[in-house]
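Here's a quick briefing on how this chain packs and what its surface looks like. Have a look at the structure first.

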Amino acid sequence: SQLVTSITETTRKQIQQSVANSLQLHQTIERATSDLTNIVGDSYRAEMIASTEMRNSYVDGQGIVADQTNATAKQWDPSSDPCELCQDNVDDGTIAIDDDFTNGDDPHPWCRCGILWLYGDQNV
């Protein structure tokens, strides 16, 4: 929930709890959005938060698995038409697993890109 701005810490904690519950219960984006709408009062913003936070949680989980299974490097896996922030990450090429992409692993709301985790000698 660090990308969510213009909210109180109480609201941030409510958002974090709602997203965590949605993930734990394997809820759809639609259900997560409905729950978040009750917190933030705006269905568009709630959908953006649900979509972004669920994507980021998925990528974070993949990163944990990659680390535990000895991945050595990563590449940015863009959506079909990456924005400028994501293109910068694509342009980074193959980087070490512990390095940061130019714009981070979670560059912006609504991001649909992913990360490819690589194994073995990647010459990074």
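The largest nonpolar core takes in 12 residues: Val59, Ala66, Ala71, Trp76, Cys86, Ile95, Ile97, Phe101, Cys111, Cys113, Ile115 and Trp117. A nonpolar core here is a set of buried Ala, Val, Leu, Ile, Met, Phe, Trp, Tyr and Cys residues joined through side-chain atoms within 4.5 Å, with buried meaning under 20% relative accessible area (1.4 Å probe, protein chains only). Helix H3 (43-68) and strand S3 (114-118) are the elements that give two or more residues to this core. Keep in mind that this is a predicted model: local features need pLDDT of at least 70, side-chain atom pairs count only at pLDDT 80 or more, and totals for chains, interfaces and linings use all residues. Residues are numbered from 1 along each chain as its sequence is written, and side-chain values use heavy atoms, leaving out hydrogens and water.

**Packing**
- Leaving aside residues up to four places away in sequence, Trp117 touches Val59, Gln62, Gly63, Ala66, Ala71, Ala73, Lys74 and Ile97 (contact means heavy atoms within 4.5 Å).
- Of the chain's 124 residues, 33% count as buried.
- Take contacts between residues at least 6 apart in sequence: 61% of them join residues at least 24 apart.

**Fold**
- You get four helices and three strands, running α-α-α-β-α-β-β from the N terminus on; these are DSSP runs (helices H or I, at least four residues; strands E, at least two), numbered from the N terminus.
- The C-alpha atoms fill a box of roughly 50 × 30 × 25 Å along the principal axes.

Conventions. Buried means under 20% relative accessible area, exposed over 50%, partly exposed in between (1.4 Å probe, protein chains only).
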